[in-house]
Amino acid sequence: MRPQLSEHNYSVSANCPACKAITSFEQKHAIIWNGTRTYKEKSFNRVLYILNQCARCGRCGFAEVPDNGARVNGSALENFFPFSPDVLPVPQSVPKDIETEFREAELCAALKTNRAASALFRSVLEKTLKANGYTKGNDRSLTDLQKRIDAAAGDGVITDARRKKAHEDIRALGNDVLHDDWREVSDDEVEDAHRYTQRILEDLYDDRATVEAILKTKGRIQ
Ligand SMILES: [Zn+2]
């Protein structure tokens, strides 16, 4: 989850990288800076720099919160440290290099480097399909990622619904980043790419024995 400011006070809910739980980082101390700050096109008249602490393990946190006086309502969480990646579980049989790429994409998402995250989720999809035999070397028609996704759906190792999502939310987004003019990539787009990349890893690696049997029947792997 993304760090979220409480509706009632200045505590922040976030993944704690020390105790590996979603916890409340509670306010311990704050410095107030009075001045105009614009954040996401909204204007605020002061900024609070807040020292927080994980209620579970005591790890320190730091929040930067623009607001308009002693009201939490309408306050914004501009920054929160430590960075706390939204880590989704993946099956144990996922190859190490693919999982490492996936974790780095999650870290980019936590750092809000959304374009880098999108390119890496696309890379995870491409590496995953390659590891499962969807390469040009195996089949001359598999010239690009689009055709590899379609072939995996055609073999039944990913569902047709997943094929559509892989095209729209991972491949197309990653293509935009790699090949098209610069544009801002939203948090929601990265979240969708994240979720569907994880689901494709589950499709291919949760019940690995069954998937491997299909891949062998289809001549994708030996
Ligand atoms: Zn903690």
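## A tour of the sheet and a helix pair

Select residues 42-54 and 60-67: these are strands β4 and β5, antiparallel and joined by 8 bridges. Strands here are DSSP runs of E with at least two residues, helices are runs of H or I with at least four, and both are numbered from the N terminus. Two strands pair if DSSP finds at least two bridges between them.

This is a predicted model; local features need pLDDT of at least 70, side-chain atom pairs count only at pLDDT 80 or more, and totals for chains, interfaces and linings use all residues. Residues are numbered from 1 along each chain as its sequence is written.

Now pick Val 47. Its bridge partner in β5 is Pro 66.

Widen the view to the whole sheet. It is open, with 6 strands in the order β1-β2-β3-β4-β5-β6 and antiparallel pairing. Select 4-5 and 79-81 next: β1 and β6 are the edges, and each has a single partner strand, so one side of each lacks a neighbour in the sheet.

Color by domain. The assignment, automatic or from a database, gives domain 1 as 4-81 and domain 2 as 96-217. Their centres, taken over C-alpha atoms, are 34 Å apart.

Move to α4 (160-179) and α5 (187-205). Their axes come within 9 Å and cross at roughly 130°. Axes are lines fitted to C-alpha atoms, for helices over the stretch in contact; angles run from 0 to 180 degrees between N-to-C directions. α4 is therefore oblique to α5 (under 35 degrees is roughly parallel, over 145 roughly antiparallel, 65 to 115 roughly perpendicular, the rest oblique).

Finally, show the contact residues (C-beta atoms, placed from the backbone, within 7 Å). Among them are Asp 169 and Leu 173 of α4, and Tyr 196 and Ile 200 of α5.

Note on methods: Contact = placed C-beta atoms within 7 Å.
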